[in-house]
Amino acid sequence: MKKLMIAVLLLVGVSNYSQEANAPKNKKDKGSKEMKSPEQRNEAMLAKMTSELSLDAKQQAQIKPIIADQSAKMDAMRAQMKANKENNVELSDADKKAMRKTRIADKEATDNQIKAILTPDQFVKYQAMQEAGKAKMQDLQKQKAGE
């Protein structure tokens, strides 16, 4: 009986240890997803727009390069920000304002290109999608700041 109890305790201890070894090391790893490639992100965005806005094949073909261009610009901006952070480069307020201004101008240009392709009803839905995404990102940032 004593040997059986020791075996059970040993089994429970090993089981616990193996679960801890496989557990994420920090909170960030707990729910993280694998990063998609730019092409996968673009396809996912096009699929979402197609389903929510009921895009036809012609509209899809016209919007696909616009999404790719916007994605490339955002990836370049993220890479620059990451490089600045890794090199401990602190941007001045003027630099931050310039980057923000560039980002807003790029978004307006993209929206104008998309507006020319979509019907008025589709564009209203597109703007609602954009606002919902913006609200979702703000909620995530608030949650992240609260941790």
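A: Ser 54 counts as exposed because its relative accessibility is 55%; exposed means over 50% relative accessible area, buried means under 20%, and partly exposed lies in between, with a 1.4 Å probe and protein chains only. This is a predicted model, in which local features need pLDDT of at least 70 and side-chain atom pairs count only at pLDDT 80 or more, while totals for chains, interfaces and linings use all residues. Residues are numbered from 1 along each chain as its sequence is written, and side-chain values use heavy atoms, with hydrogens and water left out.

Ser 54 sits in the loop between α3 and α4, and its phi is near 55°, a positive value in a residue other than glycine.

At the N-terminal end, α4 is capped by Asp 56, which has a side-chain oxygen 3.2 Å from the backbone nitrogen of Lys 58. Further along, α4 has a kink of about 25° at Ile 63, shortly before the proline Pro 65; the bend at a residue is the angle between axes fitted to the seven residues ending there and the seven starting there. The end C-alpha atoms of α4 are 43 Å apart, which agrees with the 44 Å that its 30 residues should span at 1.5 Å a residue, where the expected span is 1.5 Å times one less than the number of residues.

The buried residues of α4 are Gln 59, Ile 63, Ile 66, Ile 67, Gln 70, Ser 71, Met 77 and Asn 84. An α-helix has 3.6 residues a turn, so residues three or four places apart point the same way. These buried residues of α4 pack against α3, α5 and α6. Ser 71 counts as buried because its relative accessibility is 12%, and, leaving out residues up to four places away in sequence, Ser 71 touches Pro 38, Arg 41 and Asn 42; contact here means heavy atoms within 4.5 Å.

Ile 63, the site of the kink, is also among the residues with the most contacts inside the largest nonpolar core, which has 13 residues. A nonpolar core is a set of buried Ala, Val, Leu, Ile, Met, Phe, Trp, Tyr and Cys residues joined through side-chain atoms within 4.5 Å. The elements giving two or more residues to this core are α3 (38–53), α4, α5 (93–117) and α6 (120–146). Tyr 126 is another of the residues with the most contacts inside the core, and Tyr 126 touches Met 49, Leu 53, Asp 111, Ile 114 and Leu 118, again not counting residues up to four places away in sequence.

After α4 comes Asn 88, which lies in the loop between α4 and α5. Asn 88 has a positive phi of about 55° although it is not a glycine, and it counts as exposed because its relative accessibility is 71%. In α5, the buried residues are Met 99, Thr 110, Asp 111, Ile 114 and Ile 117, and they pack against α3, α4 and α6.

Terms used. Helix = DSSP H or I, 4+ residues; strand = E, 2+ residues; numbered from the N terminus. Polar contact = N/O pair within 3.5 Å; in protein donor to acceptor, adjacent residues only side chain to side chain.
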